[in-house]
Amino acid sequence: MCYELYKLGIEMDEKLVITCECAPNIALIKYWGKSDDDLIIPLNSSISITLDYRVLNSRTTVELIKKNDLSNLGAKIYIDLNEASEEFFENDSNVPVKELINRKRLLKMLHKVRSNCGLDDALSYDIRISSRNNFPTACGLASSASGLACLAYCLSKIFKYQGNTAELARIGSGSACRSIFGGFVCWHAGDGTSSTSISTQLFPSSHWPELNVLILVLEDQKKSISSTDGMKDSVRTSDLLKDRVRLVEEKRLSEMQEAIKKKDFGALACLTMRDSNTFHAVCLDTYPPLFYLNDKSKTIIRFVDEFNKMNKENSSSTTPTLAYTFDAGPNAFLLVEDTHLVQCLYLIGQVFYNGELTDSLISVDSDLREKLKSYQCPDMSKWREMFKRANFISKQVVKTVIHSKVGDDIPCTNSLSD
Ligand code: PMV
């Protein structure tokens with residue numbers, strides 16, 4: 001954790017305030033299906049990488065405001081979320097159905113944090129939560145993970161929570177518990193109890209600085225079926241899900257840990273792509289079927305395959321140099337090491353992007369645009385032949401490309417001055 005900027009809640013005018021930023025995470029071995037819907041305990045453990053909060057983040061501020069009178073309606077909760085707002089009393093059952101944040105889960109987090117905290121008079125505060133994402137919400141870019149991790153972190157710090165922050169985040173949104181840490185993270189299924197289903201960091205971001213993640217935004221509209229509803233249907237109807245859980249638990253998790261430990265990109269790439277494919281196979285095996293991938297997603301899968309074949313022809317390497325993975329949405333996450341990053345970006349720009357990719361690329365690396373601008377792709381005629389053969393002629397596939405490295409731990413700021 002990065003505590004350098006953090007000073008525990010400043011008290012001024014009966015108000016405590018904390019702000020933090022937190023990044024989404026992308027699962028290499030995915031979670032799909034719960035053994036406990038209420039506590040959000042997964043059927044299988046999962047492994048993810050946390051992205052760099054400097055490019056993709058949720059920023060959340062939590063304020064505790066001393067109540068004037070202690071009403072039996074409990075705390076008043078104000079929510080400001082990506083330019084929409086609402087307020088309600090925690091014990092008021094007559095609240096409108098529309099919810100900006102899942103109220104049941106939020107109240108569960110609050111209850112947990114206040115019942116095991118080091119703050120005097122924890123029940124004597126109203127609570128203001130303001131949060132915004134700097135990227136499109138609910139289109140498969142893991143916005144709930146970063147948002148709820150941020151909220152859990154803020155609540156945990158401001159109330160001086162004595163329990164596990166990752167457990168708190170998990171109650172807000174399952175995969176959020178992995179965003180509590182930077183680097184490579186495992187969310188353990190545990191023994192089915194809440195306190196054992198927590199996340200831990202496997203390796204810090206510094207373990208593999210040559211690894212890059214490219215987020216290809218193909219669609220920025222809200223997805224049709226949320227992961228919560230989708231996975232409930234899968235648990236109810238998919239036979240394949242049980243086999244996937246077994247495969248992940250018995251084989252893939254340990255193989256993935258080993259691949260990360262050895263920084264074996266080929267092994268990581270194969271496992272990541274196969275796990276993404278198995279996850280989407282479970283989605284298709286669900287009834288009614290869940291179609292998270294669209295034609296653009298499938299075009300990107302074919303591109304990755306062709307890229308790997310071409311690079312094999314051009315060198316002695318026999319392992320993939322590029323990998324894809326897709327969450328519950330059509331957008332693609334590509335993994336690539338530094339050696340092939342610019343080549344990959346250049347080709348994506350040539351074939352799938354309408355305009356100059358250099359102008360709109362969002363990146364943590366300020367030199368990347370220049371590198372891309374001056375890049376001369378060897379054997380371009382061969383690549384052109386491949387584009388033609390594979391029928392990759394649409395310039396409208398990719399809307400935006402975001403480049404990230406594996407990110408660090410959460411930064412947290414005292415925000416009275418923000
Ligand atoms: O935590 P949720 O409800 O956002 O579910 C996330 C599910 C996947 O993104 C598809 C897989 C994963 O492990 O992140």
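Modeller: In this predicted model, an N or O atom in the side chain of Ser175 lies 2.7 Å from an oxygen atom of the ligand. Taken alone, the ligand exposes 380 Å², and the protein buries 92% of that. Two further polar contacts can be described. A polar backbone atom of Tyr31 is 2.9 Å from an oxygen atom of the ligand, and a polar side-chain atom of Ser144 is 3.5 Å from an oxygen atom of the ligand. The ligand is surrounded by 14 residues, and the closest are Ala27, Tyr31, Ser175, Arg178 and Ser227. By type, this shell divides into six nonpolar, five polar and three charged residues.

The partner of β2 is β5 (residues 46-50): the two run antiparallel and are joined by four bridges. Within this pair, Ile29 stands opposite Ile47 in β5.

Between β3 (34-36) and β4 (41-42) there is a loop that holds Ile40. This residue is not a glycine, yet Ile40 has a positive phi of about 55 degrees. Most residues other than glycine have a negative phi, and most peptide bonds are trans. A cis peptide bond is found from Tyr287 to Pro288, with omega near -5 degrees. Pro288 belongs to the loop between α6 and α7 (295-314).

Helix α6 (residues 265-285) lies across β12 (211-217), β13 and β14 (332-337), and runs at about 25 degrees to β13. Helix α8 (residues 338-352) packs on the sheet as well, where it touches β12, β13, β14 and β16. The direction of α8 makes about 135 degrees with that of β14.

The sheet under discussion is open and has five strands in the order β13-β14-β12-β16-β15, with mixed pairing. Its edges are β13 (322-325) and β15 (362-363); each has a single partner strand, so one side of each is left without a neighbour in the sheet. For β15 the partner is β16 (residues 400-405), and these two pair in the parallel sense over two bridges. Here Ser363 stands opposite His403 in β16.

Strand β7 (residues 76-81) pairs with β8 (residues 84-89) in the antiparallel sense over six bridges, and Tyr78 stands opposite Glu87 in β8. The hairpin of β7 and β8 has two residues between the strands, and Asn82 takes a positive phi near 45 degrees there. β7 is also joined to β9 (residues 125-133) by five bridges, and this pair runs parallel. In it, Leu81 stands opposite Ser131 in β9.

Notes: Residues are numbered from 1 along each chain as its sequence is written. This is a predicted model: local features need pLDDT of at least 70, side-chain atom pairs count only at pLDDT 80 or more; totals for chains, interfaces and linings use all residues. Side-chain values use heavy atoms; hydrogens and water are left out. A residue is near a molecule or strand if one of its heavy atoms lies within 4 Å of it. A polar contact is a pair of N or O atoms within 3.5 Å; within protein, one must be able to donate a hydrogen and the other to accept it, and residues adjacent in sequence count only if both atoms are side-chain atoms. Accessible areas come from the Shrake-Rupley method with a 1.4 Å probe; for residues, only the protein chains shown count as cover. Ala, Val, Leu, Ile, Met, Phe, Trp, Tyr, Cys and Pro count as nonpolar, Asp, Glu, Lys and Arg as charged, and the others, Gly among them, as polar. Two strands pair if DSSP finds at least two bridges between them. Contact means heavy atoms within 4.5 Å. Axes are lines fitted to C-alpha atoms, for helices over the stretch in contact, and angles run from 0 to 180 degrees between N-to-C directions.
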